[in-house]
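Subject: Structure handover

Hello,

Here is the structure I promised to pass on. Please open it alongside this message.

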Amino acid sequence: MLESVKQNPARAKALCRQFQGFNAQGLSATSRSAVGQIARQENLSAMDSEVLITYVIGLYCPDVR
């Protein structure tokens, strides 16, 4: 899961844009609703989705909250 993002920075940037969209709606990228949406979209468990979100934000989009 993390390797796929590490090897494909364009995918990470696309996720950053999606997280910025959550922020624009007043949602945190780590909110329950955002985690659930990413989990469904990426076919991940909620816990794996949270790990992915945290990883992507930390490496690719530190301006996202």
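Below are notes on one helix, a surface patch and a disulfide.

Please keep in mind that this is a predicted model.

Helix α4

Helix α4 runs over residues 46–60, 15 residues in total. From first C-alpha to last it reaches 21 Å, close to the 21 Å expected at 1.5 Å a residue. Its buried residues are S49, L52, I53, Y55, V56, I57 and Y60. What covers them? The cover includes α1 (2–6), α2 (9–24) and α3 (32–42). As a reminder, an α-helix has 3.6 residues a turn, so residues three or four places apart point the same way.

Surface patch

M1, M47 and V51 make a nonpolar surface patch. Its area is about 290 Å². M47 sits in helix α4. That residue counts as exposed because its relative accessibility is 62%, and the cut-off for exposed is over 50%.

Disulfide

The count comes to 1 disulfide. C16 is joined to C61, with an S to S distance of 2.3 Å. The link spans distant parts of the chain: C16 lies in helix α2, C61 in the segment after α4, and the two are 45 residues apart. Which hand does the disulfide have? The torsion about the S-S bond of C16 and C61 is about -85 degrees, so the disulfide is left-handed. Are these cysteines buried or exposed? C16 counts as buried, at 4% relative accessibility. C61 counts as buried as well, at 2%. The cut-off for buried is under 20%.

Best wishes

Key
Residues are numbered from 1 along each chain as its sequence is written. This is a predicted model: local features need pLDDT of at least 70, side-chain atom pairs count only at pLDDT 80 or more; totals for chains, interfaces and linings use all residues. Side-chain values use heavy atoms; hydrogens and water are left out. Helices (H or I, at least four residues) and strands (E, at least two) are DSSP runs, numbered from the N terminus. The expected span of a helix is 1.5 Å times one less than its number of residues. Buried means under 20% relative accessible area, exposed over 50%, partly exposed in between (1.4 Å probe, protein chains only). Contact means heavy atoms within 4.5 Å. Patches are made of residues with over 30% relative accessible area and no salt bridge: like charges are joined within 9 Å, nonpolar side chains (Val, Leu, Ile, Met, Phe, Trp, Tyr) within 5 Å. Accessible areas come from the Shrake-Rupley method with a 1.4 Å probe; for residues, only the protein chains shown count as cover. A salt bridge is a side-chain nitrogen of Lys or Arg within 4 Å of a carboxyl oxygen of Asp or Glu. A disulfide is a pair of cysteine sulfur atoms within 2.5 Å.
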